[in-house]
Amino acid sequence: MAAAISPAAAATTLRLLRPFSSAAASPSLFSLLHRPKLTAPLNLFSSPAISRQHRSFCSVVSSAVSSGESTISEPLEVENVAKIREFRKKLKIVDIKGGPDEGLNRLGETIVVRGWVRTLRAQSSVTFIEVNDGSCISNMQCVMGVDAQGYDQSGLVGASGPSTSDMRTWFLIESKTVENNVISTGASVWIQGTLVGSQGSKQKVGKSDPSFPIQKKRVSREFLRTKAHLRPRTNTFGAKYLCPSLVQVSRVRNALAYATHKFFQENGFVWLSSPIITASDCEGAGEQFCVTTLVPNSTEALVKDIPTTKEGLIDWSQDFFGKPAFLTVSGQLNAETYATALTDMIEPELAFADLEDDMACATAYLQYVVQYVLENCKEDMDFFNTWIEKGIINRLSDVAQKNFVQLTYTEAVELLLKAKKKFEFPVTWGCDLQSEHERYITEEAFGGCPEIKAFYMRQNDDEKTVAAMDMLVPRVGELIGGSQREERLEYLEQRLDELKLNKESYWWYLDLRRYGSVPHAGFGLGFERLVQFATGIDNIRDAIPFPRAPGSAEF
């Protein structure tokens, strides 16, 4: 037996949500400031609907400019002014159904559910409405009788629609008000009723409203990406879609982001907001997006309108920053700046640390966030384990519990050369290992164990290799890349010369080596790859709420 809603609710309500009307005029600023007897703080609201319910006031501070003295006006008296209501966490479906008793402890309570209609099914005497608010996979089943006030204006009479198979919790609604005169798949609703025990299990599935773009049928990932604004509502049971619900992916993504900050904060790291615009190239790939004001805003701008020098080159001196600027690809260089003062930063960057410290931190971090998701996203992980990648829970459990394998670059190359497998990219010592090589190492050579390999950065004593690592995981390949940074000024200057990088652009970065340099290390994480790894989805675009790709920048 689960929880449901009783028809005996004294004051139940079904309300379709709609934007606040802008037709009614808000109280003017003049009238608010000149109301008599005003003493409390004053907050001004542009929406009349908000101002009526949340009206409060502030005192006025003025300055006596002529006398050079500051004065505070006398407080005005206040009569019958409402205070701002106390902020409270909204009751969500997961709060009702998420416990071990599936809501039975709330039987008899009058509760409010706000969400979106997933499906509905109308019979001659009763209508079933499935509502989901995004807090969990399960819907809330709401039952509305025909004798409810406003039922005939709701647009439900004679309607027919599908209902999901999960019927653990029901509502029975006696409606008092219905707005907008229509309820259909995708509509937003506000429903109040009394929770009672469920009387049913599985329900018959009917047709859904054809006006909602995403129907309960098998659709491609590509189609859902063209509906990115509605794609999060594809929460469903079973393999109805060829890609998982973005609601479920988003919940896991949120848990991973929270666990990331939780891990580092608990270990004494300080979060840094690094700039998104830079004049230097951290990765050295030369594929950054340029940020400029030299191109006119008009979409019909001509190349001839871009200022140039006498030599015909772009005149960057006339640009906003006076030099070429780009969207950054990494906050590493900026994190190093603050790590020399605050020790440990959330990029992360660790001062007084070598490569071994870096690998230890990366390993502990990954195991922490994976364990957090397994413990706090059980319902979503069960879905991924059933419909997306069978065995993903066991795979993640192995990562959280097993020891990582540490492998040098030379050892990795030797292992690949001995492999009885033909690779698309031939393997030689000195080559940059590709994804196919990385996945072979983790999935076949070491049976699914995560692995760390050395790659680049601080020059080692052999003068052939550098103190750096990549963390490889099954299915994804490289997840984390890090290194011990080159803290020696002369070595860093030599490296910049070898790469033909302008040392003047890195003057401040070189200063970190001139003044109080210390051994330090850090790593960067591909967060979307982490979401892929944790959910089992095979396309990184489905791990991003609004993916960007060549030729596509919608939403």
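1. Nonpolar surface patch. Ile276, Ile277, Phe289, Phe320, Phe321 and Leu327 together make a nonpolar surface patch of about 650 Å². Patches consist of residues with over 30% relative accessible area and no salt bridge, like charges being joined within 9 Å and nonpolar side chains (Val, Leu, Ile, Met, Phe, Trp, Tyr) within 5 Å. One of the contributors, Leu327, lies in strand β14 (residues 326–327). With a relative accessible area of 36%, Leu327 is partly exposed. The classes used throughout are buried (under 20% relative accessible area), exposed (over 50%) and partly exposed (in between), with a 1.4 Å probe and protein chains only.

2. Basis of the model. This is a predicted model, in which local features need pLDDT of at least 70 and side-chain atom pairs count only at pLDDT 80 or more, while totals for chains, interfaces and linings use all residues. Residues are numbered from 1 along each chain as its sequence is written, and side-chain values use heavy atoms, with hydrogens and water left out.

3. Overall composition. The protein contains 14 helices and 22 strands; these are DSSP runs numbered from the N terminus, helices being H or I of at least four residues and strands E of at least two. Of the 555 residues, 42% are buried. The accessible surface comes to about 30400 Å², and 53% of this belongs to carbon and sulfur atoms. Accessible areas come from the Shrake-Rupley method with a 1.4 Å probe, and for residues only the protein chains shown count as cover. Among contacts (heavy atoms within 4.5 Å) between residues at least 6 apart in sequence, 68% join residues at least 24 apart.

4. Salt bridges. The structure holds 20 salt bridges, each defined as a side-chain nitrogen of Lys or Arg within 4 Å of a carboxyl oxygen of Asp or Glu. Arg88 pairs with Glu86, with the closest N and O atoms 3.8 Å apart, and both residues are exposed. A further salt bridge joins Asp497 to Lys503, where the closest N and O atoms are 3.5 Å apart. Asp497 is partly exposed at a relative accessible area of 44%, and Lys503 is also partly exposed, at 31% relative accessibility.

5. The network at Glu389. Salt bridges with shared partners join Glu389, Arg395 and Arg475 into one network. Between Glu389 and Arg475 the closest N and O atoms are 3.1 Å apart. Glu389 lies in the loop between α8 and α9 and Arg475 in the loop between β20 (466–473) and β21 (477–484), so the pair ties together parts that are 86 residues apart in sequence. Glu389 is buried, with a relative accessible area of 11%, whereas Arg475 is partly exposed at 32%.

6. Arg395. Apart from residues up to four places away in sequence, Arg395 touches Glu389, Pro474, Arg475, Phe533 and Gly536.

7. Lys390. In the loop between α8 (378–388) and α9 (392–401) one also finds Lys390, which counts as exposed at 68% relative accessibility. The side chain of Lys390 reaches the backbone oxygen of Thr386 at 3.0 Å. Lys390 and Gly536 are 146 residues apart along the chain, and their C-alpha atoms are separated by 8.8 Å.

8. Glu336. A polar contact of 2.9 Å joins the side chains of Glu336 and Arg513. Such a contact is a pair of N or O atoms within 3.5 Å; within protein, one must be able to donate a hydrogen and the other to accept it, and residues adjacent in sequence count only if both atoms are side-chain atoms. Leaving aside residues up to four places away in sequence, Glu336 touches Glu349, Arg485, Tyr509, Leu512, Arg513 and His520.

9. Helix α7. Helix α7 (residues 355–376) has 22 residues and reaches 32 Å from its first C-alpha to its last, close to the 32 Å expected at 1.5 Å a residue; the expected span is 1.5 Å times one less than the number of residues. At the start of α7, a side-chain oxygen of Asp354 comes to within 3.1 Å of the backbone nitrogen of Glu356.
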